[in-house]
Amino acid sequence: MNKNIILVGFMGTGKTTVGRRVSGKLNMDFYDTDEYIKRCEGMPVSDVITKKGTKYFEGAQRFAVQNICENKN
């Protein structure tokens, strides 16, 4: 079983900041779902939401978490 930590919460609450710090302290890799989505979609998250809608973005978030969680540590 892969051991991962996933931070969830509203936009702007500091998930990325805290995640980077936690990953550094625990010597774990850090992944940002927004960056993953941006890379997959070829556009910023704000454009994904504007052009494809929030429901699509929520699905993209689930897809990102599922794929990122296949990594260990």
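**Helix packing and the nonpolar core**

The chain holds four helices and zero strands. The model is a predicted one. From the N terminus on, its elements run α-α-α-α. The C-alpha trace spans about 35 × 25 × 20 Å along its principal axes. Of the 73 residues in the chain, 18% are buried. Among contacts between residues at least 6 apart in sequence, 48% join residues at least 24 apart.

Helix packing was examined pair by pair. Two packed helices are described by the angle between their axes and the distance between the axes. The axes of α2 and α4 come within 9 Å. They cross at roughly 105 degrees, so α2 and α4 are roughly perpendicular to each other. From α2, the contact draws on T33, D34, Y36, I37 and E41. These residues meet Y56, F57, A60, Q61, F63, A64, V65, N67 and I68 in α4. By class, the contact of α2 with α4 has nine nonpolar, three polar and two charged residues.

Helix α3 also packs against α4. Their axes come within 7 Å and cross at roughly 130 degrees. The two helices are therefore oblique to each other. On the α3 side, the contact is made by V45, V48, I49 and K52. On the α4 side, T54, Y56 and F57 take part. Five of the residues in this contact are nonpolar, one is polar and one is charged.

D34, I37 and E41 of α2 make the contact with V45, V48 and K52 of α3. This contact has three nonpolar and three charged residues, with no polar ones.

The contact of α2 with α3 includes E41 and K52, and the side chains of these two residues meet in a salt bridge. The N to O distance is 2.7 Å. Side chains of opposite charge can pair when their charged atoms come close. K52 lies in helix α3 (residues 45-52) and E41 in helix α2 (residues 33-41), so the pair ties together parts that are eleven residues apart in sequence. K52 is partly exposed, with a relative accessible area of 39%. A search of the whole structure finds one salt bridge.

Burial of nonpolar side chains was considered next. In soluble globular proteins, nonpolar side chains tend to be buried together. The largest nonpolar core in the model has nine residues in all. Its members are Y36, I37, M43, V45, V48, F57, A60, A64 and I68. The elements that give two or more residues to this core are α2, α3 and α4. The largest share, four residues, comes from α4.

V45 belongs to this core. Leaving aside residues up to four places away in sequence, V45 touches D34, I37 and F57. Of these, I37 and F57 are also core members. V45 takes part in the contact of α3 with α4 and in that of α2 with α3. F57 is part of the contact of α3 with α4 and of the contact of α2 with α4.

Definitions and conventions:
Residues numbered from 1 in each chain as written. Predicted model: local features only at pLDDT ≥ 70, side-chain atom pairs only at ≥ 80, totals over all residues. Heavy atoms only, no water. Salt bridge = Lys/Arg side-chain N within 4 Å of Asp/Glu carboxyl O. Buried < 20%, exposed > 50% of the residue type's maximum accessible area, 1.4 Å probe, protein only. Axes fitted to C-alpha atoms, helices over the stretch in contact; angles between N-to-C directions. Parallel < 35°, antiparallel > 145°, perpendicular 65-115°, else oblique. Contact = heavy atoms within 4.5 Å. Nonpolar A, V, L, I, M, F, W, Y, C, P; charged D, E, K, R; others polar. Core = buried A, V, L, I, M, F, W, Y, C linked by side-chain atoms within 4.5 Å.
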